[in-house]
Amino acid sequence: MKLLTHNMLTSHVQGVIKGYPLIIKATEVKVNELEFSAPFVSRMIPKLEWSLISALNCTLIPDYEKDEEFLRKVHRILLEVEVVEGCLQCPESGREFPISKGVPNMLLIEDE
Amino acid sequence: MYIWPYTVSAVVCHVCKCVLVLYLQFYNEQEAKKYSQNSRMIEIQTQMSERAVELLSLPEDQPCYLLDVGCGSGLSGDYLSEAGHYWVGVDISTAMLDVALQRDVEGDLLLGDMGEGLPFRPGMFDGCISISALQWLCNADKKTHSPPKRLYRFFSTLYSSLARGARAVFQIYPENSEQLELITAQAMKAGFTGGMVVDYPNSSKAKKFFLCLFAGVSGVLPKGLCSESTDRGVSNQAQFTAQRSRFKNMKGKSVKKSKDWIMEKKERRRRQGKDVRADTKYTARHRKPRF
């Protein structure tokens, strides 16, 4: 699960008001190489929940579209770092979604 | 548990035990592999993915962030990657997702049930495609939540997950018109506009149904494909909107007292040689009841 996807995820359990950002508890992480696309990264930046990225020591600069180095850094964080094993925890309810082989299990139980 | 010729997958979905157990039975480890290695299946799925992306009308040469609902083993996702897009796939079968992982797909995969709603923040995706997956939401069983409720939960969360002006294209094999009506009713209830595009409506083999939904902005429905020598009388699109229009053109004639009717009547009388007032901008203008 790439960090870009994690940024988009929220807990969809009924009754939960703000199910994001999900807290990552990773036990295994890997880093891949992926082709860099500047237009894609600069388009995704406004949609992101920036608190998650700034937690990784990357602050948002005002003129990011032209700063290729900044975009490459964001690209590395979002698209090249993958969580392989671990779990995601909802900040509101504490409910955990396990991650196995890089695939988060978002299946809900009967009552949710 | 062995039920010829399928073995029940180790994954049991807690919600919707029946129909999804059927899907999991179909797509257990062996079937999932067979499905993904069958070259004809690959060809069909790729073609349908290509057409679905075409119907999405994404801006040219721009990599987009797309959602693939019911991505299965990633056959449609591979097409999206080839087109230069980044995607996230959701599927309920671990067996199918395992095959997708083995095939080393570029998109991110999520194990989830679309009938439970999509777990995304609002406005994230530039578009959504789904190839041969939506019909799984329609089958009913007493033990589960009702299909309309699941369909609605899916469509409403999808509507919020899409950016404004984004489209969702679903390739489906509708069993009958009731199923189609059920799907479109729930989609409209969730706020979507759009309609059905039918490719090659006259060929039973090549006929394909694509449900095109627009989130936020009303778009022009694309035309369905048809082969050269077909009878043009068969329409290959059906647009639906939230408006209720009164029946126009009963028996081929204009509705009485409408502007068309008045203009036609004046023409008729002119042809009969009678004395008729000239047409001005005030002709057939709506008058107040007291007039």
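Author: A salt bridge here is a side-chain nitrogen of Lys or Arg within 4 Å of a carboxyl oxygen of Asp or Glu. The model is predicted.

Reader: How many salt bridges does the rule find across the interface of chain A and chain B?

Author: One pair that meets the cut-off of 4 Å is A:Glu49 with B:Arg121, whose closest N and O atoms are 3.9 Å apart. Across the interface of chain A and chain B, the number of salt bridges found by the rule is five.

Reader: Which element gives the most residues to the side of chain A that touches chain B?

Author: Across this interface, 17 residue pairs are in polar contact, both residues having pLDDT 80 or more. On the side of chain A that touches chain B, two or more residues come from each of helix H1 (3–8), helix H2 (38–44) and E4 of chain A. With four residues, the element that gives the most is H1(A). By class, that side of chain A has 16 nonpolar, eight polar and eight charged residues, and the element asked for is H1(A).

Reader: What share of the area buried between chain A and chain B lies on carbon and sulfur atoms?

Author: The contact involves 32 residues of chain A and 32 residues of chain B. In chain A, the residues that lose the most area to chain B are A:Met8, A:Lys47 and A:Leu107, together 21% of what that side buries. The two chains bury about 2,900 Å² between them, and the part on carbon and sulfur atoms is 57%.

Reader: Which element of chain A has the highest mean pLDDT?

Author: Chain A averages a pLDDT of 87, and 100% of its residues score at least 70. Among the elements of chain A, the lowest mean pLDDT, 83, belongs to helix H3 (residues 50–54), and the highest, 93, to strand E4 (residues 103–104).

Reader: Which backbone nitrogen does the side chain of B:Thr157 reach?

Author: B:Thr157 sits in helix H6 (residues 147–161) of chain B. A polar atom of its side chain is 2.9 Å from the backbone oxygen of B:Phe154. Beyond neighbours within four places in sequence, B:Thr157 contacts B:Gly117 and B:Leu118. At 3.0 Å, the backbone nitrogen reached by the side chain of B:Thr157 is that of B:Leu118.

Reader: How far apart are the end C-alpha atoms of helix H8 of chain B?

Author: Helix H8 (residues 259–271) of chain B has 13 residues, and at 1.5 Å a residue it should span 18 Å. H8(B) is followed by B:Gly273, whose phi is positive, near 90°.

Terms used
Residues numbered from 1 in each chain as written. Chains lettered and ligands numbered in written order. Heavy atoms only, no water. Polar contact = N/O pair within 3.5 Å; in protein donor to acceptor, adjacent residues only side chain to side chain. Contact = heavy atoms within 4.5 Å. pLDDT = per-residue confidence, 0-100. Expected span 1.5 Å × (residues − 1). Buried area = accessible area lost by both parts, 1.4 Å probe. Nonpolar A, V, L, I, M, F, W, Y, C, P; charged D, E, K, R; others polar.
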